[in-house]
Amino acid sequence: MTNERSSVWRLIRFGPADGPTQMAVDEAVWRAVAEGRVPPTLRLYAWDPPCLSLGRHQSADEVSQEALAAAGYDLVRRPTGGRAILHIDELTYSVAAPLTEPRVRGDVLTSCQRISQGLLAALDLLGVRDAAVHQQKPPATTGPVCFETPGEFEIVVDGRKLIGSAQARGRGALLQHGALPLTGDIARICRFLTAPTDPARVRARATTLAEVLSREVPWEEAAQAVAGGFARALDLQLEPGELTPWEVEMAHRLRQEKYAAEEWTFRYPL
(Lines give C-alpha, C1' and ligand atoms only; values in the text may rest on other atoms or scores of the structure.)
Protein backbone atom coordinates (compact mmCIF):
# COMPACT_ATOMS: atom_id res chain seq x y z
CA MET A 1 0.00 0.00 0.00
CA THR A 2 1.34 3.43 -0.88
CA ASN A 3 1.33 6.37 1.49
CA GLU A 4 -0.08 8.65 -1.19
CA ARG A 5 -3.77 9.40 -1.60
CA SER A 6 -5.81 7.13 -3.83
CA SER A 7 -5.43 7.85 -7.55
CA VAL A 8 -7.74 7.22 -10.51
CA TRP A 9 -6.19 5.30 -13.42
CA ARG A 10 -7.79 4.12 -16.64
CA LEU A 11 -8.11 0.35 -17.16
CA ILE A 12 -8.20 -1.00 -20.71
CA ARG A 13 -8.88 -4.65 -21.48
CA PHE A 14 -7.73 -4.94 -25.08
CA GLY A 15 -8.63 -7.73 -27.46
CA PRO A 16 -5.98 -10.03 -28.95
CA ALA A 17 -4.03 -8.44 -31.80
CA ASP A 18 -0.81 -8.89 -33.74
CA GLY A 19 2.57 -7.82 -32.42
CA PRO A 20 2.98 -4.56 -34.38
CA THR A 21 -0.49 -3.47 -33.31
CA GLN A 22 0.11 -4.17 -29.63
CA MET A 23 3.43 -2.33 -29.56
CA ALA A 24 1.93 0.59 -31.49
CA VAL A 25 -0.94 0.84 -29.03
CA ASP A 26 1.46 0.74 -26.07
CA GLU A 27 3.42 3.65 -27.51
CA ALA A 28 0.28 5.60 -28.46
CA VAL A 29 -1.03 5.32 -24.90
CA TRP A 30 2.41 6.30 -23.57
CA ARG A 31 2.40 9.43 -25.76
CA ALA A 32 -1.17 10.31 -24.80
CA VAL A 33 -0.33 10.02 -21.10
CA ALA A 34 2.82 12.11 -21.56
CA GLU A 35 0.80 14.88 -23.23
CA GLY A 36 -1.85 14.83 -20.51
CA ARG A 37 -4.56 13.70 -22.90
CA VAL A 38 -5.52 10.68 -20.76
CA PRO A 39 -4.96 9.57 -17.16
CA PRO A 40 -2.33 6.99 -16.17
CA THR A 41 -3.34 3.73 -17.81
CA LEU A 42 -3.12 0.02 -17.06
CA ARG A 43 -3.71 -2.00 -20.23
CA LEU A 44 -4.15 -5.79 -20.33
CA TYR A 45 -3.90 -7.66 -23.60
CA ALA A 46 -3.05 -10.84 -25.52
CA TRP A 47 -1.37 -11.66 -28.85
CA ASP A 48 -2.89 -13.17 -31.99
CA PRO A 49 -1.07 -14.66 -33.78
CA PRO A 50 1.70 -15.55 -31.33
CA CYS A 51 4.64 -13.21 -31.63
CA LEU A 52 8.31 -13.15 -30.77
CA SER A 53 9.38 -9.73 -29.53
CA LEU A 54 12.95 -8.47 -29.50
CA GLY A 55 14.30 -6.04 -26.94
CA ARG A 56 14.94 -2.55 -28.28
CA HIS A 57 18.70 -3.09 -28.65
CA GLN A 58 18.71 -6.81 -29.46
CA SER A 59 19.97 -8.05 -32.82
CA ALA A 60 17.35 -9.56 -35.11
CA ASP A 61 20.03 -11.98 -36.24
CA GLU A 62 19.43 -13.90 -33.01
CA VAL A 63 16.05 -15.01 -34.35
CA SER A 64 15.21 -17.49 -37.11
CA GLN A 65 12.80 -15.68 -39.39
CA GLU A 66 12.26 -18.90 -41.35
CA ALA A 67 11.15 -20.83 -38.26
CA LEU A 68 8.80 -18.03 -37.22
CA ALA A 69 7.28 -17.83 -40.69
CA ALA A 70 6.80 -21.60 -40.83
CA ALA A 71 4.91 -21.47 -37.51
CA GLY A 72 2.84 -18.48 -38.62
CA TYR A 73 4.21 -16.29 -35.83
CA ASP A 74 4.95 -12.57 -35.91
CA LEU A 75 8.21 -10.77 -35.15
CA VAL A 76 8.28 -7.31 -33.58
CA ARG A 77 10.76 -5.06 -31.79
CA ARG A 78 9.69 -3.58 -28.47
CA PRO A 79 10.28 0.06 -27.50
CA THR A 80 11.73 -1.25 -24.24
CA GLY A 81 14.95 -3.15 -23.56
CA GLY A 82 15.56 -6.72 -22.53
CA ARG A 83 15.81 -9.96 -24.46
CA ALA A 84 13.54 -12.09 -26.65
CA ILE A 85 10.10 -13.21 -25.49
CA LEU A 86 7.67 -15.56 -27.24
CA HIS A 87 4.22 -14.14 -26.55
CA ILE A 88 1.89 -17.13 -26.56
CA ASP A 89 -0.63 -18.34 -23.96
CA GLU A 90 0.09 -15.31 -21.79
CA LEU A 91 -1.36 -12.18 -20.26
CA THR A 92 0.56 -9.00 -21.02
CA TYR A 93 0.21 -5.85 -18.96
CA SER A 94 1.38 -2.34 -19.74
CA VAL A 95 1.54 0.72 -17.51
CA ALA A 96 1.82 4.25 -18.87
CA ALA A 97 2.14 7.01 -16.29
CA PRO A 98 3.71 10.46 -15.93
CA LEU A 99 6.90 10.50 -13.89
CA THR A 100 5.15 12.84 -11.45
CA GLU A 101 2.70 10.07 -10.48
CA PRO A 102 3.68 9.09 -6.90
CA ARG A 103 3.41 5.38 -7.64
CA VAL A 104 6.17 5.52 -10.24
CA ARG A 105 8.20 8.46 -8.93
CA GLY A 106 11.95 7.93 -8.62
CA ASP A 107 14.51 6.10 -10.71
CA VAL A 108 13.82 3.14 -12.98
CA LEU A 109 14.54 0.49 -10.35
CA THR A 110 12.39 2.21 -7.72
CA SER A 111 9.40 2.52 -10.03
CA CYS A 112 9.77 -1.05 -11.29
CA GLN A 113 9.82 -2.37 -7.72
CA ARG A 114 6.66 -0.41 -6.88
CA ILE A 115 4.86 -1.76 -9.93
CA SER A 116 6.03 -5.23 -8.91
CA GLN A 117 3.97 -4.88 -5.75
CA GLY A 118 0.85 -4.79 -7.91
CA LEU A 119 1.98 -7.93 -9.70
CA LEU A 120 2.69 -9.71 -6.42
CA ALA A 121 -0.77 -8.79 -5.15
CA ALA A 122 -2.27 -10.15 -8.39
CA LEU A 123 -0.49 -13.47 -7.94
CA ASP A 124 -1.67 -13.62 -4.34
CA LEU A 125 -5.26 -13.21 -5.55
CA LEU A 126 -4.68 -16.13 -7.92
CA GLY A 127 -3.39 -18.31 -5.07
CA VAL A 128 0.38 -17.96 -5.58
CA ARG A 129 1.75 -17.60 -2.03
CA ASP A 130 5.51 -17.86 -2.53
CA ALA A 131 6.16 -15.27 -5.26
CA ALA A 132 8.83 -12.66 -4.57
CA VAL A 133 10.65 -9.76 -6.20
CA HIS A 134 14.06 -10.90 -7.39
CA GLN A 135 16.77 -8.88 -5.63
CA GLN A 136 19.96 -9.74 -7.48
CA LYS A 137 21.35 -7.92 -10.49
CA PRO A 138 21.46 -10.03 -13.66
CA PRO A 139 24.88 -11.01 -15.01
CA ALA A 140 26.58 -8.58 -17.38
CA THR A 141 26.31 -11.08 -20.24
CA THR A 142 23.03 -12.91 -20.79
CA GLY A 143 21.61 -15.21 -23.44
CA PRO A 144 18.96 -14.29 -26.00
CA VAL A 145 15.98 -15.49 -23.89
CA CYS A 146 14.38 -12.97 -21.54
CA PHE A 147 12.90 -15.57 -19.19
CA GLU A 148 16.23 -17.32 -18.70
CA THR A 149 17.53 -14.54 -16.42
CA PRO A 150 15.43 -12.51 -13.92
CA GLY A 151 16.17 -8.83 -13.37
CA GLU A 152 16.36 -7.38 -9.90
CA PHE A 153 12.75 -6.14 -9.99
CA GLU A 154 11.10 -9.12 -11.71
CA ILE A 155 8.86 -11.76 -10.14
CA VAL A 156 10.17 -15.21 -9.28
CA VAL A 157 8.69 -18.27 -7.63
CA ASP A 158 11.19 -20.57 -5.91
CA GLY A 159 13.94 -18.82 -7.84
CA ARG A 160 12.30 -19.33 -11.26
CA LYS A 161 11.14 -16.33 -13.27
CA LEU A 162 7.37 -16.02 -13.62
CA ILE A 163 6.83 -12.41 -14.80
CA GLY A 164 9.27 -10.57 -17.03
CA SER A 165 9.03 -6.78 -17.38
CA ALA A 166 10.83 -3.89 -19.06
CA GLN A 167 10.53 -0.12 -18.90
CA ALA A 168 11.22 2.86 -21.14
CA ARG A 169 11.06 6.58 -20.34
CA GLY A 170 10.55 9.68 -22.44
CA ARG A 171 8.52 12.88 -22.72
CA GLY A 172 8.15 13.00 -18.94
CA ALA A 173 6.36 9.64 -18.73
CA LEU A 174 7.17 5.95 -18.56
CA LEU A 175 5.98 2.84 -20.31
CA GLN A 176 6.41 -0.47 -18.54
CA HIS A 177 5.07 -3.71 -19.93
CA GLY A 178 5.55 -7.33 -19.04
CA ALA A 179 4.52 -10.90 -19.68
CA LEU A 180 2.84 -13.43 -17.41
CA PRO A 181 3.00 -16.86 -19.13
CA LEU A 182 -0.22 -18.70 -18.32
CA THR A 183 0.48 -22.19 -19.65
CA GLY A 184 2.47 -24.24 -22.16
CA ASP A 185 6.16 -25.00 -22.49
CA ILE A 186 8.18 -21.98 -21.39
CA ALA A 187 11.07 -23.21 -23.56
CA ARG A 188 9.12 -23.13 -26.85
CA ILE A 189 11.05 -20.01 -27.80
CA CYS A 190 14.28 -21.99 -28.23
CA ARG A 191 13.39 -23.38 -31.65
CA PHE A 192 13.01 -19.85 -33.03
CA LEU A 193 16.52 -18.74 -32.07
CA THR A 194 19.65 -18.99 -34.20
CA ALA A 195 22.07 -19.46 -31.28
CA PRO A 196 22.01 -22.87 -29.57
CA THR A 197 19.84 -22.50 -26.46
CA ASP A 198 19.22 -25.35 -24.03
CA PRO A 199 15.45 -25.80 -23.40
CA ALA A 200 16.20 -27.67 -20.16
CA ARG A 201 18.14 -24.66 -18.90
CA VAL A 202 15.24 -22.33 -19.71
CA ARG A 203 12.74 -24.62 -17.97
CA ALA A 204 14.98 -24.78 -14.91
CA ARG A 205 15.08 -20.99 -14.68
CA ALA A 206 11.54 -20.00 -15.67
CA THR A 207 8.01 -21.21 -15.14
CA THR A 208 4.34 -20.59 -15.99
CA LEU A 209 1.31 -19.83 -13.87
CA ALA A 210 -0.19 -23.24 -14.67
CA GLU A 211 2.94 -24.98 -13.48
CA VAL A 212 3.01 -22.99 -10.24
CA LEU A 213 -0.68 -23.52 -9.44
CA SER A 214 -1.12 -26.99 -10.99
CA ARG A 215 -4.12 -25.66 -12.90
CA GLU A 216 -4.71 -23.59 -16.02
CA VAL A 217 -5.89 -20.04 -15.40
CA PRO A 218 -8.07 -18.48 -18.13
CA TRP A 219 -6.96 -15.11 -19.48
CA GLU A 220 -10.01 -13.33 -18.06
CA GLU A 221 -9.34 -14.67 -14.57
CA ALA A 222 -5.71 -13.56 -14.76
CA ALA A 223 -6.74 -10.13 -16.07
CA GLN A 224 -9.20 -9.64 -13.21
CA ALA A 225 -6.49 -10.58 -10.72
CA VAL A 226 -3.94 -8.18 -12.23
CA ALA A 227 -6.42 -5.32 -12.11
CA GLY A 228 -7.36 -6.21 -8.55
CA GLY A 229 -3.74 -6.56 -7.52
CA PHE A 230 -2.80 -3.14 -8.87
CA ALA A 231 -5.81 -1.52 -7.25
CA ARG A 232 -5.05 -3.10 -3.87
CA ALA A 233 -1.28 -2.74 -3.73
CA LEU A 234 -1.02 0.72 -5.30
CA ASP A 235 -4.21 2.19 -3.79
CA LEU A 236 -5.79 2.81 -7.18
CA GLN A 237 -9.29 3.36 -8.43
CA LEU A 238 -9.35 1.73 -11.85
CA GLU A 239 -11.99 3.08 -14.22
CA PRO A 240 -12.71 0.92 -17.30
CA GLY A 241 -12.08 2.83 -20.51
CA GLU A 242 -11.25 2.61 -24.20
CA LEU A 243 -8.67 4.14 -26.48
CA THR A 244 -9.47 7.70 -27.49
CA PRO A 245 -9.78 8.59 -31.18
CA TRP A 246 -6.39 10.34 -30.90
CA GLU A 247 -4.79 7.14 -29.54
CA VAL A 248 -6.43 5.00 -32.24
CA GLU A 249 -5.08 7.28 -34.97
CA MET A 250 -1.62 7.48 -33.39
CA ALA A 251 -1.48 3.68 -32.99
CA HIS A 252 -2.46 3.21 -36.63
CA ARG A 253 0.33 5.56 -37.73
CA LEU A 254 2.92 3.99 -35.43
CA ARG A 255 2.03 0.52 -36.65
CA GLN A 256 2.48 1.48 -40.29
CA GLU A 257 5.53 3.70 -39.94
CA LYS A 258 7.40 1.93 -37.15
CA TYR A 259 6.42 -1.43 -35.66
CA ALA A 260 5.44 -3.16 -38.92
CA ALA A 261 8.37 -1.61 -40.79
CA GLU A 262 11.56 -3.54 -41.50
CA GLU A 263 13.60 -0.41 -40.78
CA TRP A 264 12.58 -0.70 -37.12
CA THR A 265 12.46 -4.46 -36.73
CA PHE A 266 15.87 -5.09 -38.27
CA ARG A 267 17.65 -1.93 -37.15
CA TYR A 268 20.27 -3.75 -35.02
CA PRO A 269 22.08 -6.30 -37.21
CA LEU A 270 25.19 -8.10 -35.98
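**Stop 1: a helix pair**

Select helix 1 and helix 7: Pro20, Thr21, Met23, Ala24, Val25, Glu27, Ala28, Val29, Arg31 and Ala32 in helix 1 are in contact with Trp246, Glu247, Met250, Ala251, Arg253, Leu254, Arg255, Lys258 and Tyr259 in helix 7. Contact means heavy atoms within 4.5 Å, and helices (H or I, at least four residues) and strands (E, at least two) are DSSP runs numbered from the N terminus. The residues of this contact divide into 12 nonpolar, 1 polar and 6 charged; Ala, Val, Leu, Ile, Met, Phe, Trp, Tyr, Cys and Pro count as nonpolar, Asp, Glu, Lys and Arg as charged, and the others, Gly among them, as polar.

This is a predicted model, in which local features need pLDDT of at least 70 and side-chain atom pairs count only at pLDDT 80 or more, while totals for chains, interfaces and linings use all residues. Residues are numbered from 1 along each chain as its sequence is written, and side-chain values use heavy atoms, with hydrogens and water left out.

**Stop 2: the nonpolar cores**

Next, select Leu44, Tyr93, Val95, Leu123, Leu209 and Phe230, the residues with the most contacts inside the largest nonpolar core, which has 38 residues. A nonpolar core is a set of buried Ala, Val, Leu, Ile, Met, Phe, Trp, Tyr and Cys residues joined through side-chain atoms within 4.5 Å. Buried means under 20% relative accessible area, exposed over 50%, and partly exposed in between (1.4 Å probe, protein chains only). Helix 6 (residues 219–234) gives the most to this core, with 8 residues. A second, separate core of 26 residues includes Val29, Ala32, Val76 and Tyr259.

**Stop 3: Thr265**

Move to helix 8 (residues 262–265), where Thr265 lies. Thr265 is buried, at a relative accessible area of 5%. Leaving aside neighbours within four places in sequence, Thr265 touches Leu54, Ala60, Leu75, Arg77 and Tyr259.

**Stop 4**

Select Pro49 in the loop between strand 2 (41–45) and strand 3 (51–54). The peptide bond joining Asp48 and Pro49 is cis, with omega about 0 degrees.

Then go to Arg171, in the loop between strand 9 (160–170) and strand 10 (173–181). Arg171 is not a glycine, yet has a positive phi of about 60 degrees; at 49% relative accessibility it counts as partly exposed.

Finish at Asp235, between helix 6 and strand 11 (236–240). Asp235 is not a glycine either, and has a positive phi of about 55 degrees.
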